[in-house]
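Welcome! Here are a few notes to read with the model open beside you. Take them in order, and look up each residue as you go.

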Amino acid sequence: MAGILFVISGPSGVGKSTVRKEVMKRCSGLRYSISCTTRPPREGEINGVDYLFVDLSTFEAMKRQGEFLEWARVHGNYYGTPRKPIEEWLKKGEDVILEIDVQGAKQVKKNFKGGVFIFIAPPSLKALEERLKKRNTDREDEILLRMTNARIEMQCISDYDYLVVNDQLEEAVNKLLSIIIAERCRIRKPHFWGGEK
Ligand SMILES: Nc1nc2c(ncn2[C@@H]2O[C@H](COP(=O)(O)OP(=O)(O)O)[C@@H](O)[C@H]2O)c(=O)[nH]1
Ligand SMILES: Nc1ncnc2c1ncn2[C@@H]1O[C@H](COP(=O)(O)OP(=O)(O)O)[C@@H](O)[C@H]1O
């Protein structure tokens, strides 16, 4: 049976990467889709692990060649999901996690049948701002832009299948794990019992 595509969105600094990485330690059969971005790497980020860091002309060329499942401009930089590895993993029956913004999730929903859409929200906007400041990776103006965009992104919650509030980390990790387990138990195909048709 084909794998399941899990799409995670949520405001910058809400803890998407932290929660997802912890879930991946505890759950096998999950692949993380590494996005391409024109954003410069932050200290400690590794090319090919956190992102594929590319320049704008490379990104544009990949876009033209249809290499992205979706792409969007987020907080002033471009981000895109490489299509090929995802199609191969899903075909092999491996589940895939995308960590993408709300515009990208909309495109995936439109073009891909059967994805599971999960929104991660902060307990409050104040807590979100504190996390962004404490993470210490973005300038003050970048934090301001992320907070403005957070308010817009939160308005898209109703487009998603699940909401996980990341207040206590351990609880959020358990909730995401539970969603993945439940979705894996879901009977997805009418011919499930009769094998592939
Ligand atoms: N549409 C889209 N959004 C992405 C992709 N990769 C990352 N993003 C989103 O871009 C935003 C900024 O990500 P990032 O630069 O890592 O900053 P952070 O959210 O502050 O950690 C986040 O909302 C990510 O979910 C992608 O391939 N496509
Ligand atoms: N439940 C939580 N409580 C407090 N801080 C958290 C929690 N989850 C994540 N963080 C911290 O918030 C910051 C942003 O997390 P990160 O995973 O980088 O967010 P995102 O990927 O959504 O941008 C990090 O410093 C992380 O350690």
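1. Let us begin with a single contact. The side chain of Glu45 comes to 2.8 Å from the backbone nitrogen of Arg42. That is a polar contact: a pair of N or O atoms within 3.5 Å, where, within protein, one must be able to donate a hydrogen and the other to accept it, and residues adjacent in sequence count only if both atoms are side-chain atoms.

2. Some ground rules. This is a predicted model, in which local features need pLDDT of at least 70 and side-chain atom pairs count only at pLDDT 80 or more, while totals for chains, interfaces and linings use all residues. Residues are numbered from 1 along each chain as its sequence is written, chains are lettered from A and ligands numbered from 1 in the order in which they are written, and side-chain values use heavy atoms, with hydrogens and water left out.

3. Back to Glu45, which you will find in the loop between strand S3 (36–37) and strand S4 (52–53). Helices (H or I, at least four residues) and strands (E, at least two) are DSSP runs, numbered from the N terminus. Leaving aside residues up to four places away in sequence, Glu45 touches Arg39, Pro40, Asp50, Tyr51 and Phe53; contact means heavy atoms within 4.5 Å.

4. Next, the rings. There are seven aromatic pairs in the structure. One of them joins Phe59 and Tyr78, tilted, at 5.7 Å centre to centre with 40° between the planes. Phe59 belongs to helix H2 (residues 56–64) and Tyr78 to strand S6 (residues 77–82), so this pair ties together parts 19 residues apart in sequence. Rings of Phe, Tyr and Trp (its six-membered ring) pair if their centres lie within 6.5 Å; planes under 30 degrees apart are stacked, over 60 edge-to-face, and the rest tilted.

5. Is Phe59 buried or exposed? Phe59 is buried, at 0% relative accessible area, whereas Tyr78, at 21%, is partly exposed. Buried means under 20%, exposed over 50%, and partly exposed in between (1.4 Å probe, protein chains only). Phe59, Phe68, Trp71 and Tyr78 form one aromatic cluster.

6. Finally, ligand 2. Of the 14 residues around this ligand, Gly13, Lys16, Thr18, Asn166 and Asp167 come nearest; a residue is near if one of its heavy atoms lies within 4 Å. A polar side-chain atom of Thr18 is 2.5 Å from an oxygen atom of ligand 2, and one of Arg131 is 3.3 Å from a nitrogen atom of ligand 2.
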